[in-house]
Amino acid sequence: MTTAPARHRTENPSLAGRFRPLEPLFKGMLLASLALAVLFLVVLLSYVVTEGWDRLDPRLWENFPSKLYPERAGAQSAIVGTIYVIALTGAFCVPIGVMTAIYLEEYADGSRWWNRMIELNIQNLAGVPSIVYGILGLGVIARGLDLGRTLLTASLTLSLLVLPVVIIAAREAIRAVPGSIRQASLALGATPWQTIARQVLPAAVPGIATGVILALSRAIGEAAPLLLLGAVTHITFNPSGITDSYTVLPIQIFNWTKQPEAEFHTLASAAIVILLFILLAMNSVAIWVRNRYQKRW
Amino acid sequence: MTISMRATVRTAAVLSGLALALSACGGGGTDDASGSELSGSVKIDGSSTVAPLTTVASELFTEENGRVQIPVGTSGTGGGFEKFCAGETDISNASRPIKDEEKAACAAKGVKYSEFTVANDALSVVVSKENTWATCLTVEQLKKIWEPGSKVNNWKQIDASFPDEPLKLFGPGTDSGTFDYFTAEINGEEGASRSDFQPSEDDNVIVQGVSGSKGGLGYFGFSYYEENADKLKVLQIDGGAGCVAPSVAAAQDGTYKPLARPLFIYPSAEALKRPEALAFVEYYVGNHAKIAEAAKFVPLNATQETALKQALDALKTQAG
């Protein structure tokens, strides 16, 4: 651990001195792609901020939606609903996703056909459109398990939706832990479980956290499956339990943009800013966790 | 090394615990400003056209009954009836009467209900402000424009006196009750329409489209015209008895034909056994005019009002 290689840049002397005519062109193209992506983000952000500026004040999170008094309307129920749904989704999908990943990486025999089939299925599931999960949630969770159109149903459905992403990210993170760590742990007499719990998992935390946040970021913006699962568009109370009715920010925004009154369009932009803010806050936590727990071998 | 890693796990656990704890402090505080005894919740879903009306009713009602929760969903008229007949909601909003297959679904589940006409809407046909030539269209002309397979793509094809200006059509998406009603009244068959127009589930997109193109034409509910009267010109409609512009009075007295349509709510008899649901429906019926005006719809006329009161009495008797 004394001579840790520089991680961020490979200083390869044999490449540094050469000049190739395509090199600057390629670099220029890369920069242009980056600039384009950033430009879109900046344009989007400045657009919603200017559009929603008039309503970016405490009314937005202190008040409930109102059709009668647009100037008093707020999105508290949607903000609280979003936080509930995301927290519950995280609570469901993280343990299941990480445990699945541990099984697949540490225990499963990759030469068996069923294990390969499970892997293939998980990868395919990651690409299934979200509305399909909505239909599944409606049929199986809301009606089959008779949980109704509640917070619980929404969180379970969104957990299913993002579970493949969590599993794939967690597997990558676990795989990135060097085999020598495991061997050393086992050689010192630790059981496989002790090795996983005390060596492999802690070392994989940064990667898992990043994957989880990416997955939850996908879940937070979902409106399509929740429309089917009974997220309502006008709700003037916060959920007080997991079997309550609820709404989430994307649904509230969607509803406001459809109203005839211009005030609601401003309100929708302001709510988009709040949604982006929650998203950025989640991402910052991920970055913090990654930097805090990063290990170098 | 091991100690620091244990600390890592512990901190991670604390972090996830914190996230859960944070989520738990959102709920709880339902403020109760009024002294009303009623509590509980009334679940409503259905048409997005009727939703503003019921939303206003719910807001006004909860101002006086702070402990009653009335969430309003917008799954569309069909989606609303699906939930309603499965017994999942107490009241269904509808921009068209219940269909036979929906009646059968309700009957299969033993859901009894009654149809309440709570307001009227005047479907408004709008053109751009720059359109100086058209003021009134007959139902025949509208049919010529909108019927399936219509090849009309220029204003002069509608009427010889109109200028040579390309016609651009905008309308609600095929899932909407507005589309169903318009096609039924104008083309004579529900859902029968030319398909080469620009559909949108969002009426504001239609406002944008029509106001932005000189030869544009579109239709939607009256409230969208009222909100955008500065950007759009509304056409009079000649249903056989002369040109009539959409207005509250014309929709109420029935002269705005055939595009004035009733809007419905369907409360279930089962729900009315609960005091909070009964109180809400009674409030809705008792204040229908105030609610319709606040939601920018057309209030009922005297005949419709009597029918509404009778419907409520009948359903109350049924609920026991």
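**Salt bridges**

Begin by selecting B:Glu190, which is partly exposed at 40% relative accessibility; buried means under 20% relative accessible area, exposed over 50%, and partly exposed in between (1.4 Å probe, protein chains only). The model is predicted: local features need pLDDT of at least 70, side-chain atom pairs count only at pLDDT 80 or more, and totals for chains, interfaces and linings use all residues. Residues are numbered from 1 along each chain as its sequence is written, chains are lettered from A and ligands numbered from 1 in the order in which they are written, and side-chain values use heavy atoms, with hydrogens and water left out.

B:Glu190 lies in the loop between helix H7 (177–187) and strand E9 (198–200) of chain B, and B:Lys99 in the loop between strand E4 (91–94) and helix H4 (100–109) of chain B, so the pair ties together parts that are 91 residues apart in sequence. Helices (H or I, at least four residues) and strands (E, at least two) are DSSP runs, numbered from the N terminus.

Next, select A:Arg143 and B:Glu82, whose side chains form a salt bridge (2.9 Å, N to O). A:Arg143 belongs to helix H6 of chain A and B:Glu82 to helix H3 (residues 76–85) of chain B, so this pair joins two chains.

**The largest nonpolar core**

Move to A:Leu226, A:Tyr246 and A:Leu249, which touch the most other members of the largest nonpolar core, a set of 62 residues. Such a core consists of buried Ala, Val, Leu, Ile, Met, Phe, Trp, Tyr and Cys residues joined through side-chain atoms within 4.5 Å. Centre on A:Tyr246: its contacts (heavy atoms within 4.5 Å) include A:Val85, A:Arg149, A:Leu226 and A:Ile235.

**Backbone features**

Select A:Asp146 in the loop between helix H6 (130–144) and helix H7 (151–175) of chain A. A:Asp146 has a positive phi of about 60° although it is not a glycine, and it is exposed, with a relative accessible area of 64%.

Finish at B:Pro258, in the loop between helix H10 (248–253) and strand E14 (260–267) of chain B. The peptide bond from B:Lys257 to B:Pro258 is cis, with omega near 0°. Most peptide bonds are trans, and most residues other than glycine have a negative phi.

Terms used: Salt bridge = Lys/Arg side-chain N within 4 Å of Asp/Glu carboxyl O. Lists of a residue's contacts leave out its neighbours within four places in sequence.
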